[in-house]
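Thank you all for coming; I would like to walk you through one model this morning, moving from a single peptide bond to a sheet, a pair of helices and a pocket. Please have the sequence and the structure open while I speak.

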Amino acid sequence: MRIDLISKEYPPAIYGGAGVHVAELVRVLRKHIEVQVRCFGDDRNETDTKAYGHAPSFNESNAALQTMATDLEMVSDVAGADLVHSHTWYANFAGQIASKLHGIPHLITAHSLEPLRPWKEEQLGGGYRLSSWIERSAYEGATRIIAVSDGMRKDILRAYPQLDPQKVTVVHNGIDLTAFQSADDPDLVRSLGVNPDQRSVVFVGRITQQKGLPYLLKAARALPKDVQLVLCAGAPDTKEIQTLVTDLVEELKKERDNVVWIERHLSREELIAVLSAASVFACPSIYEPLGIVNLEAMACSIPVVATATGGIPEVVSHGETGLLVPIEQLQDGSGKPLDEGKFVGDFADALNEMLENPRISDFGKAGRKRVEDHFSWDAVAQDTIRVYSEAIAAYK
């Protein structure tokens, strides 16, 4: 069985959860089957991996058109594959065209959905309308779709009710349990501006509306004064949200002198050191298909306080590995809280409840056990290979 896996992100160019997923999945899949990786960007020095770019004539084009042009560069090379597997809308177009050209099944892993990120139209205009069309068309034509959580599966069927529910299956994300585990490295933590001897609440994520960082910054006003707020946050979607976050951070710094904002992308070693030194991991997302960052924190034995939305409740066990914060959300696709003040207040209360819990270390230990029992990449790879076989059989 030869699988051609298409992704915009691939090491070393990873900036989000989809890229982490692809990198880890490929690593384990290659122990069992042949996998040809086709990704965006600069050449990779890795066997069975090829990177692509768009033709120079598209240099001044809309970014969505550049994506489509890059996808088309890949399609001919997919000849000979038994199945093409695409990740995110950036790769869905290549998967869809390759499927039709070569007469092979197309499998999609859904990491996010364009209809549930309507704010992108303000940012991208016609580019968002193109990405939405690509995603919808690809999903309608795909042989099988993998959702990374049951919550994500429900979102897919709600966003695209014309799909046959039988072709949408759940395979959870995983975590590299060898790489992600608690590691005491106080010197490295100090080099990043964090005091490992003080309590801390840590956030890791891109600065986007869906990650909910502004809500955390407002909730942080209620944290005990001795608790550091550590923000591993960069890659803003828009100038507007960058400005909003910057303003909120500056306001918070007027009230407390232990706000640490790390804007650059951390190496895995640095991230693990920061997570391992944390008291609580905070995930205030308003849209999260699963939330690999929560798995990473739990693998480092850190309790999680997170929004009860999307696939997060399938990862964080309330009262056992952390606390889930309820949210009533607008049904316009934005996911924004109906009552922002209540959500912010509830999130602050949950953070403080966890920080003051005398059994806080037990939550961290339970989180590590949960990821060991349910979210290993070996299990994810075996489930994915099963779906490959089903898709190939269905296509024939």
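Predicted model: local features only at pLDDT ≥ 70, side-chain atom pairs only at ≥ 80, totals over all residues.

In which loop does Pro-12 lie? It lies in the loop between β1 (2–7) and α1 (17–29), where helices (H or I, at least four residues) and strands (E, at least two) are DSSP runs, numbered from the N terminus. The peptide bond from Pro-11 to Pro-12 is cis, with omega near 5 degrees.

Residues are numbered from 1 along each chain as its sequence is written, and side-chain values use heavy atoms, with hydrogens and water left out.

Turning to the sheet, we have an open arrangement of 6 strands in the order β10-β9-β8-β11-β12-β13, with parallel pairing; two strands pair if DSSP finds at least two bridges between them. Because β10 (259–262) and β13 (322–325) stand at the edges with a single partner strand each, one side of each is left without a neighbour in the sheet. The twist averages 20 degrees from one strand to the next, with axes being lines fitted to C-alpha atoms, for helices over the stretch in contact, and angles running from 0 to 180 degrees between N-to-C directions. Helix α10 (residues 268–277) packs on this sheet, touching β8, β9 (228–234) and β11, contact meaning heavy atoms within 4.5 Å, and the direction of α10 makes about 145 degrees with that of β8. Strands β8 (residues 200–206) and β11 (residues 280–283) run parallel and are joined by 2 bridges, and Val-202 stands opposite Phe-281 in β11.

In the loop between β9 and α9 (239–255) we find Ala-235, whose phi is near 50 degrees, a positive value in a residue other than glycine.

Next, helix α11 (residues 292–299) and helix α13 (residues 360–374) pack at an angle of about 115 degrees, with their axes 7 Å apart. In this contact, Leu-295, Met-298 and Ala-299 in α11 meet a group in α13 that includes Gly-364, Arg-368 and Val-371.

Finally, the second largest pocket has a volume of about 320 Å³. A pocket here is an open set of points on a 1 Å grid over the protein atoms alone, where a 1.4 Å probe fits, with protein on both sides within 12 Å along at least five of seven lines, and lining residues have an atom within 4 Å of a point; grid points are joined across faces, edges and corners, and a volume is the space filled by probe spheres set on the points. Of the 15 residues lining this pocket, the closest to its centre are Asp-155, Arg-158, Thr-309, Gln-329 and Gln-331.
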